[in-house]
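Me: I am new to this structure and would like a close look at a single part of it. Please give one connected account.

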Amino acid sequence: MKKKWDNHEHWMKCALQLAKKGEGLTRPNPPVGAMIVKNGILISTGFHRRAGGEHAEIVALKKAGRCAQNASLYITLEPCNTFGKTPPCTDAIIKSGVKKVIVATRDPNPRHQGRGLTALKRAGLQVIEGICCEQANKIIAPFKKWILTGKPYVSLKLAMSLDGKIADYSGRSRWITGKKARMNVHDLRRRADAIMVGAGTVRADNPSLLPIPSLNRRPYRIILDARGIVPSHACVLRDAFVSQTIMATTLQCPLARRLAWRKKGAQVWLLPSQKKGVSIPALMKKIGRLGLLHVVCEGGAELASALIRAKAVDEFLFFLAPCLIGGHNAIGAIGGKGWQLAKAPRLRLTEFQQIGDDILIRAK
């Protein structure tokens, strides 16, 4: 016999787990999960898989069919009430016979916020909102940033020794952290729309920047190379996914190099320069126009410094390994000239988590 649950929080947490299945797939839409429950028993589920495809609640309603009559719909984000690539979800919910709609959080788009809930209430449905609101807002944080500013949500990830080094005096950085931490980074890549690094990282490590396993995720790869030092034989320029490699450069880069990148199949963005590097504000606007919501920056030190100074970082992820590298010539996590102590950026620590032998610290 199926176990009955009447707790709103229980079902919403299940819907939030469903929403996470769509992370990295839905751009420029947010990931959303939905569940239909009747008399404390799960009837059907759904999550948004891709932009242009059916929304989470529509998937769940179609699975439920007539069983949706007098049931409760749990959804992690306010249902849409406008025509886009798909019809308004509120119309389908009203027609389904669902009697109660439980929503975690409202649509962050000011033009749409509250309209879906109002439509449902006018149709006589009971609406409850705010269940697991904080967790739901975390999932849609990249979408919220993008819809309100036109810019992506940036997570800066740095793997370092306890004394703050990301590479030894010879430039070697593989591997500072352990296997479990690296698996966590691949999961982070799967949930992102783009992975961003500087030219120095590509030259030193020649990474693919793709998640392993991919699980059908193929994030864009954004390489900042103001002067054109990345060779055409770099991994990001010669694999099967080169069309999703973006070389962000400036007029300092020789034309021949730009043409060579294009010949390989990469996208080349010619952007304004700023302090001999790529202008971060111009880059963020360009990324936003492409509809990428979440960018994970994996270094190196100079790019990390540029992002922090441009106030472009929304979240810091520090992976600390229990080792000491030391040395005057080892590479520190943050490059540039640094800050005087009185003017140093102050962070708010939000999470500590042990991953294998390493520690993950999240900060804002």
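Reply: R362 is buried, with a relative accessible area of 16%; buried means under 20% relative accessible area, exposed over 50%, and partly exposed in between (1.4 Å probe, protein chains only). The model is predicted, so local features need pLDDT of at least 70 and side-chain atom pairs count only at pLDDT 80 or more, whereas totals for chains, interfaces and linings use all residues. Residues are numbered from 1 along each chain as its sequence is written, and side-chain values use heavy atoms, with hydrogens and water left out.

R362 lies in strand β18, which spans residues 358-363. Strands are DSSP runs of E with at least two residues, and helices are runs of H or I with at least four; both are numbered from the N terminus. Strand β18 is mostly covered, with 5 of its 6 residues buried.

The neighbouring strands come next. Strand β15 (residues 315-321) runs antiparallel to β18 and is joined to it by 5 bridges; two strands count as paired if DSSP finds at least two bridges between them. Within this pairing, L360 of β18 is the bridge partner of F319. Strand β17 also pairs with β18 in the antiparallel sense, over 6 bridges. Here D358 in β18 stands opposite I355. The strands β17 and β18 form a hairpin with 2 residues between them, and G356 in the turn has a positive phi of about 65 degrees.

The side chain of R362 meets that of E315 in a salt bridge, at 2.7 Å from N to O. The term denotes a side-chain nitrogen of Lys or Arg within 4 Å of a carboxyl oxygen of Asp or Glu. Because E315 lies in strand β15 and R362 in strand β18, the pair ties together parts that are 47 residues apart in sequence. E315 also counts as buried, at 12% relative accessibility. The structure holds 12 salt bridges.

Strand β17 (residues 349-355) includes L349.
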